[in-house]
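Colleague: I have a structure open and would like to learn how to read it. Could you walk me through some features?

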Amino acid sequence: MEQSKPLARIIGSGVAGLAVSIRLAQKGYEVHIHEANAYPGGKLSEFRLGAYRFDAGPSLFTLPQHMEDLFLLCGEDPVEHFPYLQKEESCRYFWEDGKRLIAHSDPRAFAEAAQVSLGEPVQNTLAHLALAKKQYEATSGFFLERSLHRLRTYLRPAIFRTLAALPSLGLTQTMDRIHRRRFQSKHMVQLFNRYATFNGSSPYKAPGTLCMIPHLEFGVGTFLPKRGMVDITHSLMALAKRQGVKIHLSEPVQRIHYEGKSASGIELQSGIVLSADLIVSNMDVTPTYRRLLPGLAAPEATLRAERSSSAFIFYWGMDRQFPELNLHNILFSERYEEEFEALFTSKTLLDDPTVYINITSKDVPNDAPSRGENWFVMINAPSDNGQDWDALRTQARAAILSKIQRVLDVDASEHIVEEDYLDPRRIESRTSSDRGALYGSSSNSAMSAFLRHPNHGPLKNLYFCGGSAHPGGGIPLCLLSAKIVGQSVKG
Ligand SMILES: Cc1cc2nc3c(=O)[nH]c(=O)nc-3n(C[C@H](O)[C@H](O)[C@H](O)COP(=O)(O)OP(=O)(O)OC[C@H]3O[C@@H](n4cnc5c(N)ncnc54)[C@H](O)[C@@H]3O)c2cc1C
């Protein structure tokens with residue numbers, strides 16, 4: 001008689017939920033994903049406005065090998081199912097004093113351009129990037145690829161490499177302080193400080209450990225899926241389906257049932273109860289405890305940890321093209337420290353924000369009509385603490401347009417033919433992310449990595465993956481959280 005497979009239920013189809021479904025199917029589970037929305041992908045989704053296509057959330061794709069791993073695990077060729085291109089240029093930077101810099105992914109080309117445009121000696125940039133590489137290689141295996149909450153992680157030989165690197169990590173200094181020591185040009189300090197925002201933190205608070213983040217852009221490279229960022233979701237969903245995973249859209253889960261220390265199943269909003277041998281929550285950990293497990297003691301220190309920043313995004317269909325811009329563009333604030341003070345202390349917006357403009361139609365021409373461009377315009381915003389978001393949206397839009405006028409000398413408002421927006425409230429209502437944070441908790445302290453929720457517990461067959469669980473937010477880390485869950489579950 002054929003033995004029935006153990007049954008896994010996953011709550012949410014974010015990138016980590018999809019990735020973990022593939023890993024569990026490979027381990028011999030019958031896997032079902034229950035997704036609240038009528039569409040998959042959570043933050044990694046897309047929509048259209050007239051003739052323009054927009055990726056709703058993430059725009060920067062790094063560490064593609066974590067995507068490729070999933071295809072290889074299933075014996076498939078990633079190139080065939082998930083085509084992407086590597087960018088030679090990582091970002092264009094603009095300042096109000098007229099300085100501009102095209103950051104090439106190649107470290108030497110970048111360092112030489114920074115010397116010409118900003119007067120930063122080539123050696124300073126190369127030395128900083130070399131150290132970032134060394135630190136990343138010495139620590140990523142420990143901090144990102146394994147559970148920090150299992151004894152066996154600390155018993156592996158690789159721990160010695162991490163321990164040896166600890167003194168050079170700058171755990172007791174802020175990123176900003178380290179950058180000020182290493183660079184002469186205030187523009188370069190600001191450029192490297194920006195990497196704190198890659199996980200929604202402040203360079204004036206985050207520890208020097210985060211100085212290794214630029215290694216991803218300048219050491220490994222930046223990439224773009226050829227069919228847009230949403231292809232990460234689409235290709236994972238197709239791969240999951242090929243592994244037999246069943247994806248149930250428009251099926252919000254309202255409760256996790258348990259008996260003693262074991263989860264026994266989930267209850268859908270419709271009242272239907274479904275049994276499970278294993279449950280993975282890809283929902284943010286805070287609402288998982290508050291809404292799905294109200295009777296269980298919650299890890300309050302973890303849930304109360306400071307949230308990462310959120311964002312205001314304006315999606316603008318533009319009726320013309322802007323040759324001075326490329327895929328990723330940053331227009332820096334003149335008052336960067338005040339901007340982070342506003343985000344994390346007064347929890348509001350500065351009238352001179354740093355503006356990020358992402359234009360996928362530069363590389364994916366079908367994303368906009370032939371003479372137009374699809375602008376994804378983002379500024380950092382505080383997480384939701386009950387601010388008047390409608391008033392802040394009006395303020396943000398005016399501040400962005402004014403910044404673009406000052407830096408690029410163009411009235412962008414005259415060229416907007418389609419418009420929509422995303423704010424912290426919408427991020428929370430569409431993905432259940434606590435207070436609309438983009439990356440779960442912030443990394444504004446040296447202990448943040450250890451305070452993040454582990455990938456297991458509090459019930460023996462309940463696991464967590466996604467941006468609010470270890471190792472944190474962002475696509476590559478979410479994929480790693482799914483990998484850690486896959487490794488923790490017995491096949
Ligand atoms: C505007 C923006 C820009 C970003 N930029 C980048 C970037 O450039 N690069 C990068 O790497 N990362 C970026 N990020 C972060 C990245 O998008 C996230 O870290 C990642 O997509 C989160 O994936 P996740 O697996 O945690 O799931 P999420 O995307 O948070 O999705 C969770 C899913 O669970 C579902 N769900 C929740 N509760 C329930 C329930 N009770 N029942 C059923 N389903 C439920 C939700 O509907 C949702 O679909 C950005 C995020 C945003 C919002």
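**Reading the model**

Modeller: In S12, Ser 275 is the bridge partner of Gly 265. Keep in mind that this is a predicted model.

Colleague: Which strands does that bridge belong to, and how do they run?

Modeller: Strand S11 (residues 262-268) is joined to S12 by 3 bridges, and the two run antiparallel. They are part of an open sheet of 3 strands in the order S10-S11-S12, with antiparallel pairing. Strand S10 (253-259) and strand S12 (273-275) stand at the edges; each has a single partner strand, so one side of each is left without a neighbour in the sheet. On average, neighbouring strands of this sheet are turned by 30° against each other, direction ignored.

Colleague: Which sheet has parallel pairing, and what is its strand order?

Modeller: An open sheet of 5 strands has parallel pairing, in the order S9-S2-S1-S13-S19. Its edge strands are S9 (246-248) and S19 (462-464), and each pairs on one side only. Neighbouring strands here are turned by 20° against each other on average, direction ignored.

Colleague: How many bridges join S2 to S9?

Modeller: Strand S2 (residues 30-34) is joined to S9 by 3 bridges, and they run parallel. For a pair to look at, take His 34, whose bridge partner in S9 is His 248.

Colleague: Now a strand in its surroundings. How many residues of S17 are buried?

Modeller: Count the C-beta neighbours: a residue is buried if 20 or more other C-beta atoms lie within 10 Å of its own. In strand S17 (residues 373-381), 9 of its 9 residues are buried. Next, look at the two sides. Glu 373, Trp 375, Val 377, Ile 379 and Ala 381 point one way, Asn 374, Phe 376, Met 378 and Asn 380 point the other way, and all are buried.

Colleague: Which strands pair with S17?

Modeller: S14 is joined to S17 by 9 bridges, running antiparallel. There, Phe 312 stands opposite Ile 379. Strand S16 (residues 355-359) also pairs with S17 in the antiparallel sense, over 4 bridges. In this pairing, Asn 358 has Phe 376 as its bridge partner.

Colleague: On to helices. Why might one helix show two faces?

Modeller: An α-helix has 3.6 residues a turn, so residues three or four places apart point the same way. Now take H15. Its buried residues are Ala 396, Ala 399, Ile 400, Lys 403 and Ile 404. Seen down the axis of H15, these buried residues fall within an arc of 135°, so they line one face of the helix. The face turned away from the buried side carries the exposed residues Asp 390, Ala 391, Thr 394 and Ala 398.

Colleague: Is Phe 344 buried or exposed?

Modeller: Phe 344 lies in helix H14 (residues 336-346). Phe 344 has 22 C-beta neighbours inside 10 Å, so it counts as buried.

Colleague: What surrounds the ligand?

Modeller: The shell holds 36 residues, and the closest are Gly 12, Gly 14, Ala 16, Gly 42 and Gly 466. Elements giving two or more residues to this shell are helix H1 (15-26), strand S14 (310-318), helix H16 (424-431) and helix H18 (475-488). H1 supplies the largest share, 3 residues. By type, the shell divides into 17 nonpolar, 17 polar and 2 charged residues.

Notes
Residues are numbered from 1 along each chain as its sequence is written. This is a predicted model: local features need pLDDT of at least 70, side-chain atom pairs count only at pLDDT 80 or more; totals for chains, interfaces and linings use all residues. Two strands pair if DSSP finds at least two bridges between them. Axes are lines fitted to C-alpha atoms, for helices over the stretch in contact, and angles run from 0 to 180 degrees between N-to-C directions. A residue is near a molecule or strand if its C-beta atom, placed from the backbone, lies within 6 Å of it. Ala, Val, Leu, Ile, Met, Phe, Trp, Tyr, Cys and Pro count as nonpolar, Asp, Glu, Lys and Arg as charged, and the others, Gly among them, as polar. A residue is buried if 20 or more other C-beta atoms lie within 10 Å of its own, exposed if 12 or fewer, and partly exposed in between; C-beta atoms are placed from the backbone. The arc is that of the directions from the helix axis to the C-beta atoms.
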